[in-house]
Amino acid sequence: MMIVVCPKCSSRLQATGEKPPVHPFSIRCPKCNSIVNSEAPSPASEHGALAGGSSPSTEHRRSKSHVPFPAPLFEVEGAKNQPTDQPPADDLARLLANLLGQSNTRSNSDATARPAWDPRRVLLCTAEAHRNMVALQLTENGYQVFVALDTRQAVERMRENRLDVVLLDPEFDVAEQGAAFVTREVNVLRPAQRRRLFFVLMSPNMRTMESHAAFLSNVNAIVNAKELEELPRILDHALREYNELYKEFNVALNVAGL
């Protein structure tokens, strides 16, 4: 089954069949009677927001002339560049020694503890006014921060890398409805994937760590914009509570906490 969206009335249409279509096709919208053209889904788009319609990251066919550019890694001025998906080279030997020295019997708390060499990966989707300050704070507190300048960069990074945290400002890329597309990209994740992502919403009026407001907003935590200077401490506390909540679940799956 494939879902396409009518560009005229936004109706969601299901193209049914035993196998997904492998060639472009057209169907008529039963609501507005317009013709909806669609292309066969690509493996990269089947798990993202494209399943619910077009997005800034997928509205153009990828080709040699269109190279996706995901949100870049934030680096403190003067610091050496490091690979985005691997620990620093100086830590590789220490990592190997730690792995070789681990005992076969580990306690539950050790089994779900995040290794010190594996920094949490954060995607920062904020308005320009807060961007550098928040990125610098998180980087100095041991987070690996990817900073999205626009919606396309945010969506591309979410699909390209395994992220631990997404921090979203409602004012992010307002012209392209950035907050809506980032939220939709989170909402289409499978349950197992969604449990491995901590979604944080910045808010100008809601209280920090207000659980009821977070539930209604479909996020894991809320941080008031006036308390961004305390963001690393707030985020560490929220992640500890989240890992404690899923501790037994993580032990059963033999995976580390966020």
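**View A. Glu160 is exposed, with a relative accessible area of 52%.** Exposed means over 50% relative accessible area, buried under 20% and partly exposed in between (1.4 Å probe, protein chains only). The model is predicted: local features need pLDDT of at least 70, side-chain atom pairs count only at pLDDT 80 or more, and totals for chains, interfaces and linings use all residues. Residues are numbered from 1 along each chain as its sequence is written, and side-chain values use heavy atoms, with hydrogens and water left out. Glu160 forms a salt bridge with Arg157, and the closest N and O atoms are 3.8 Å apart. A salt bridge here is a side-chain nitrogen of Lys or Arg within 4 Å of a carboxyl oxygen of Asp or Glu. Arg157, by contrast, is buried at 5%. Helices (H or I, at least four residues) and strands (E, at least two) are DSSP runs, numbered from the N terminus. An α-helix has 3.6 residues a turn, so residues three or four places apart point the same way.

**View B. Helices H4 and H5 pack at an angle of about 10°, with their axes 9 Å apart.** That angle makes H4 roughly parallel to H5. H4 contributes Thr151, Ala154, Val155, Met158 and Arg159 to the contact, and H5 contributes Gly178, Phe181, Val182, Glu185 and Val186. Sorted by class, the contact has six nonpolar, two polar and two charged residues. Axes are lines fitted to C-alpha atoms, for helices over the stretch in contact, and angles run from 0 to 180 degrees between N-to-C directions. Angles under 35 degrees count as roughly parallel, over 145 as roughly antiparallel, 65 to 115 as roughly perpendicular and the rest as oblique. Contact means heavy atoms within 4.5 Å. For the classes, Ala, Val, Leu, Ile, Met, Phe, Trp, Tyr, Cys and Pro are nonpolar; Asp, Glu, Lys and Arg are charged; the others, Gly among them, are polar.

**View C. The buried residues of H5 are Gly178, Ala179, Phe181, Val182, Glu185 and Val186.** Their cover includes strand E5 (121-125), helix H4 (151-160), E7, helix H6 (191-194) and E8.

**View D. Gln153 of helix H4 is buried at 8% relative accessible area.** A polar atom of the Gln153 side chain lies 3.0 Å from the backbone nitrogen of Leu149. A polar contact is a pair of N or O atoms within 3.5 Å; within protein, one must be able to donate a hydrogen and the other to accept it, and residues adjacent in sequence count only if both atoms are side-chain atoms. Leaving aside residues up to four places away in sequence, Gln153 touches Phe69, Pro70, Ala71, Pro72, Val147 and Ala148.

**View E. Asp118 and Arg121 meet through their side chains in a salt bridge (3.4 Å, N to O).** Both Asp118 and Arg121 are buried. Asp236 and Arg120 form another salt bridge, with the closest N and O atoms 3.7 Å apart. Asp236 lies in helix H8 (residues 231-245) and Arg120 in the loop between helix H2 (108-111) and E5, so the pair ties together parts 116 residues apart in sequence. Asp236 is partly exposed at 25%. Arg120 is buried at 19%. The whole structure holds seven salt bridges.

**View F. Asn243 sits in helix H8 and is buried at 18%.** A polar atom of the Asn243 side chain lies 2.7 Å from the backbone oxygen of Leu258. Beyond residues up to four places away in sequence, Asn243 touches Arg120, Gly257 and Leu258.

**View G. Val255 lies in the segment after helix H9 (247-253).** Val255 is partly exposed, with a relative accessible area of 28%. Val255 and Arg114 are 141 residues apart in sequence, and 9.1 Å apart in space, C-alpha to C-alpha.

View H. Most residues other than glycine have a negative phi. Gln177 lies in the loop between strand E7 (165-168) and helix H5 (178-187). Gln177 is exposed at 52% relative accessibility. Met209 lies in the loop between strand E8 (198-203) and helix H7 (211-216). Met209 is partly exposed at 31%.
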